[in-house]
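Hi everyone, thanks for making time for this. I'd like to walk you through one model, so please have a look at it with me.

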Amino acid sequence: MEYAQPEGPAERSGGVPLRVLVIGATTDVLRRMWIRDLTAHGFNVEVAEGEGQALDHLREQACDVILLDMVFQRGSALVVSDYANFRRPEAKLIFVNSDDFLADGTIFRLCSNARAMIPAHSKPADVAAMVAYFGGAV
């Protein structure tokens, strides 16, 4: 399935770029491509490698969309999701799943701020389109 490419810069109302927080392993080649593509589309992209960095970021800075790996080495995605729901309820979560963990839709009952779950092998253009959609830029 192909998603429509975001047109022009990815902005919220008032011309402010969408703020995206990517949480999880960025050593993955595809994940680095996502970050590069999101930046090229005009998103303001920040990266947190683990739970501690993610919680610090959410404590100090707002974001519009969070791309959150379901499984990462340093911490728990559900802890980050719960904290984001409490501290940044306006942020939309897009979970990234590399296996069948919670692929049955349970994540939407567990995390009220979850908007989508995408496969870890998703194309950068599709990720950018989903971030633009859930961030309100389209």
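This is a predicted model: local features need pLDDT of at least 70, side-chain atom pairs count only at pLDDT 80 or more; totals for chains, interfaces and linings use all residues.

Residues are numbered from 1 along each chain as its sequence is written, and side-chain values use heavy atoms, with hydrogens and water left out.

So, the layout. The chain has five helices and five strands; helices here are DSSP runs of H or I with at least four residues, strands are E runs of at least two, and both are numbered from the N terminus. Reading from the N terminus, the order is β-α-β-α-β-α-β-α-β-α. Of the 138 residues, 46% are buried. Buried means under 20% relative accessible area, exposed means over 50%, and partly exposed is in between, with a 1.4 Å probe and protein chains only. As for contacts (heavy atoms within 4.5 Å), take those with a separation of 6 or more: 67% of them join residues 24 or more positions apart.

Now the charged pairs. Side chains of opposite charge can pair when their charged atoms come close. How many salt bridges does the structure hold? There are two, counting a side-chain nitrogen of Lys or Arg within 4 Å of a carboxyl oxygen of Asp or Glu.

One of them joins arginine 19 and aspartate 64, with the closest N and O atoms 3.0 Å apart. Arginine 19 sits in strand β1 (residues 19-23) and aspartate 64 in the loop between α2 (51-60) and β3 (65-69), so this pair ties together parts that are 45 residues apart in sequence. Are these two partners buried or exposed? Arginine 19 is partly exposed at 24%, while aspartate 64 is buried at 11% relative accessibility.

Then there is aspartate 56 with arginine 59, at 2.7 Å from N to O. These residues are three apart in helix α2, so about one helical turn separates them. Aspartate 56 is partly exposed at 37% relative accessibility, and arginine 59 is partly exposed at 37%.

On to the helix pair. Two packed helices are described by the angle between their axes and the distance between the axes. The axes of α1 (residues 29-40) and α5 come within 9 Å and cross at roughly 50 degrees. The axes are lines fitted to C-alpha atoms, for helices over the stretch in contact, and angles run from 0 to 180 degrees between N-to-C directions. That makes α1 oblique to α5, since under 35 degrees is roughly parallel, over 145 roughly antiparallel, 65 to 115 roughly perpendicular and the rest oblique. Which residues meet here? Leu30, Met33, Trp34, Asp37 and Leu38 in α1 meet Pro124, Ala125, Val127, Ala128 and Val131 in α5.

That brings us to serine 122, in the loop between β5 (114-119) and α5 (124-135). Serine 122 is buried, at 11% relative accessibility. Leaving out residues up to four places away in sequence, serine 122 touches Leu30, Trp34 and Val127. A polar atom of its side chain lies 2.7 Å from the backbone oxygen of proline 119.

Finally, serine 98 is in the loop between β4 (92-97) and α4 (106-110) and is exposed, at 60% relative accessibility. Serine 98 is 23 residues from histidine 121 in sequence, and their C-alpha atoms are 7.6 Å apart.

Thanks, and I'm happy to go back to any of these.

Note on methods. A polar contact is a pair of N or O atoms within 3.5 Å; within protein, one must be able to donate a hydrogen and the other to accept it, and residues adjacent in sequence count only if both atoms are side-chain atoms.
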